[in-house]
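Trainee: Could you walk me through this model? I would like to learn how to read its features.

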Amino acid sequence: MPSLVLDIALSAEHLRAVYRGHANRIMLRSRDGRRVSLPAYHLRPFLTHQGVQGSFVMEFSASGELLELRRLA
C-alpha cells in the first residue's frame, strides 16, 4: 500500500482559521518533496492546544484515497 511520511508543524492559530471555515484543506509537503492537499478534518484527532506537531504516515490506495493517517512513534 502506498504511503507518505509527513512532518507537520501547524500552530493552533493556523488551525483556528481552518475550523472557522476560511479553508477546508491543508497543504503539506512530504519528506520526499511531494505536495499533499489534506482535508483538515483528518487532523482533528491530533489537535492539541499547541496545534498539530509531529511526524505522521499517510497510507492511501492505488487510486489516491486516504486509508489511514497515523502519528509515528
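**Reading the model, starting from a loop**

Mentor: Let's begin with His42, which lies in the loop between β3 (35–39) and β4. Helices (H or I, at least four residues) and strands (E, at least two) are DSSP runs, numbered from the N terminus. Residues are numbered from 1 along each chain as its sequence is written. This is a predicted model, where local features need pLDDT of at least 70, side-chain atom pairs count only at pLDDT 80 or more, and totals for chains, interfaces and linings use all residues; side-chain values use heavy atoms, with hydrogens and water left out.

Trainee: Where does His42 fall on the scale of accessibility?

Mentor: Buried means under 20% relative accessible area, exposed over 50%, and partly exposed in between (1.4 Å probe, protein chains only). With a relative accessible area of 23%, His42 is partly exposed.

Trainee: Which residues does His42 touch?

Mentor: Contact means heavy atoms within 4.5 Å. Not counting residues up to four places away in sequence, His42 touches Leu66 and Leu69. As for Ile26, 16 residues apart from His42 along the chain, the two C-alpha atoms are separated by 9.8 Å.

Trainee: Let's step back. How many helices and strands does the protein chain have?

Mentor: There are one helix and five strands, and from the N terminus on they run β-α-β-β-β-β. The radius of gyration of the protein chain is 12 Å, close to the 11 Å that the globule rule gives for 73 residues, so the chain is as compact as a globular protein of that length. That radius is taken over C-alpha atoms, and the globule rule is 2.2 Å times the number of residues to the power 0.38. Buried residues make up 34% of the 73 residues.

Trainee: How should I read a helix that has a buried side?

Mentor: An α-helix has 3.6 residues a turn, so residues three or four places apart point the same way. In α1 (residues 12–22), Ala12, Leu15 and Val18 are buried. They cover an arc of only 115° around the axis, which puts them on the same side of α1; the arc is that of the directions from the helix axis to the C-beta atoms. On the other side of α1, Arg20, Gly21 and His22 are exposed.

Trainee: What covers the buried residues of α1?

Mentor: The cover includes β1 (3–11), β2 (25–29) and β4 (51–60). The helix α1 lies across β1 and β4, running at about 100° to β1. Axes are lines fitted to C-alpha atoms, for helices over the stretch in contact, and angles run from 0 to 180 degrees between N-to-C directions.

Trainee: And the sheet: what is the order of its strands?

Mentor: Strands of a sheet pair through backbone hydrogen bonds, either parallel or antiparallel. Two strands pair if DSSP finds at least two bridges between them. Here an open sheet of three strands has the order β1-β4-β5, with antiparallel pairing. Each of β1 and β5 (66–71) stands at an edge with a single partner strand, so one side of each is left without a neighbour in the sheet. From one strand to the next, the twist averages 30°.
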